[in-house]
Structures are given as structure tokens and as C-alpha cells.
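Me: I would like to learn how to read a structure. Please take me through some features one at a time.

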Amino acid sequence: MPVYWNPWHGCRKISEGCRHCYVYRQDEQHALDSTQARKTAAFGLPVRRSRDGRFKIPAGERVYTCFTSDFLLEEADAWRPEVWAMMRLRHDLTFMFFTKRIERLRTVLPPDWGEGYENVIVGCTVENQEQAEQRLPVFLDAPIRHRVIVGAPLLGPLELAPYLSPAIEEVSVGGESGPEARTCDYDWVLSIRQQCVGADIPFRYHQTGARLRKDGRLYRIRRADQHAQARKAGIDYKITHRE
Ligand code: SF4
């Protein structure tokens, strides 16, 4: 079972991929203001211990971090040092966060970061070619030990070849979910896969999204089936493990 850790919740939209952000969708149902980022009750989760003194999250787990916000959100700058410290302390866990604010990374790193903590994977999210060209050069230049490119929600074709260096450990793509989801074209997915195969970079199709165009037909896919349908496509490349 993957572990999710959301030390803060809420975010500000910054680009086209944020338009139908699921955090906003969820908060709307509870009349919460998604723009007001706030620390959550789970803030200290990685260092919480059970009565017997052992950490509640056992060694070896992958911890998906900050999935109801952006890890590099400006409003979280005061809270992040404590989070870096927890990541450092729990070097027996692997933390993975995604961001649309990769240009902020250098300004918020802890003093001992060096070329990156060995146990932290950073995902740079790019939803279209414009964002790929803005964010990926910064991403490749940043001090990070483990990098993945996240093409989601995929809103158009992506030309990633200039960025597919061996420093990229995986490219993961997926369509948009939700009632207002924009259509994802399967040809875009296959093209990115082809680019990854050409560069010998692992590729993962992690979800179809709610609207998928394939072979000239438009498919509506239920939320519950979106991950399974992507897996069923059987087009992942060189992925050696799955959570
Ligand atoms: S950066 Fe992510 S969490 Fe923040 S508004 Fe955009 S999609 Fe939502």
C-alpha cells in the first residue's frame, strides 16, 4: 500500500493544467477555500511512533508527498524546513513529490541538500509544450538525485526529446479526470512513449483520464477505471516495479 502524506493542503492555480484541479473539486464539496494553504493534522506523520517506539511508517515505504498542494508553494515556505528535516531523518523511506513550481526549488533547499537527498524523487509536471519548454530546462539544471517528468493532465502533444537525458528516470503521462475533463488523445501518449523508447527512458501510462480519443472515437471512462484501463493498454516501457 502506498503511503500518502499531505503536510499541507490548498494551493494557487498557476497554469493551464491547474484549471480543473482535483483539490479544488474536492474542497468545493465541503465549502472549503482551496486557495488558503494550511498545515494539516498529518504534518508530522513520518516521525510519528507507535506505543512500542517504532515509526508508524515502516522502513522501505514510498511516501507520496504533498498530493493536495504543490510542494514548492510559496505559502508553505515557513513549513518546508521541518519537512526537509523529517525527510532527512527518515532516510529509510523514499519521498516523492510533484511540482509545477520547479523554478522555486533552488531558493528553498535546505543547507545540506548538496546534489539532492538520495531518498527524494522530484516530479516536474508539464501539461503542454509551453510548460515543457519553460520548466524542463530548469528541472534538468537543478540539483536533484532522482527526476521524473509527469505529463499530466496531458493537454496536447509533447516534444520531449531535447529533455530526455539519462538524468530522467521515468516519464509518466495521464489524462485529466473529473466532469469537465479535457480530451486526451491516445496518439499524444503513443508519441511520448516512442520518444522514451528512442531515448531508452522508462515510460509509464498511469491513467487514461475521463475523456480519451483513440482511433477516431471518443471514450468516456469512469474514474474507477482510469488507472486500470491505462495499465491494460500495456504500453509501459522498462518499468520494473509498480506500487
Ligand atoms: S499546482 Fe497542482 S495542486 Fe496546485 S492548483 Fe495546480 S494542479 Fe492544483
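Reply: Start with a pair of residues: Arg 213 stands opposite Leu 218 in β12. Strands are DSSP runs of E with at least two residues, helices are runs of H or I with at least four, and both are numbered from the N terminus. This is a predicted model, where local features need pLDDT of at least 70, side-chain atom pairs count only at pLDDT 80 or more, and totals for chains, interfaces and linings use all residues. Residues are numbered from 1 along each chain as its sequence is written.

Me: How many bridges join strand β11 to strand β12?
Reply: Strands of a sheet pair through backbone hydrogen bonds, either parallel or antiparallel. Two strands count as paired if DSSP finds at least two bridges between them. Here β11 (residues 211–214) and β12 (residues 217–220) run antiparallel and are joined by four bridges. Lys 214 stands opposite Arg 217 in β12. Two residues lie between the strands of this hairpin, and Asp 215 has a positive phi near 50°.

Me: Which strands are at the edges of the sheet?
Reply: The sheet is open, with three strands in the order β9-β11-β12 and mixed pairing. Its edge strands are β9 (184–185) and β12, each pairing on one side only.

Me: Is Pro 58 buried or exposed?
Reply: A residue is buried if 20 or more other C-beta atoms, placed from the backbone, lie within 10 Å of its own, exposed if 12 or fewer, and partly exposed in between. Pro 58 counts as exposed because it has 10 C-beta neighbours inside 10 Å. Pro 58 belongs to the loop between β3 (38–39) and β4 (62–65).
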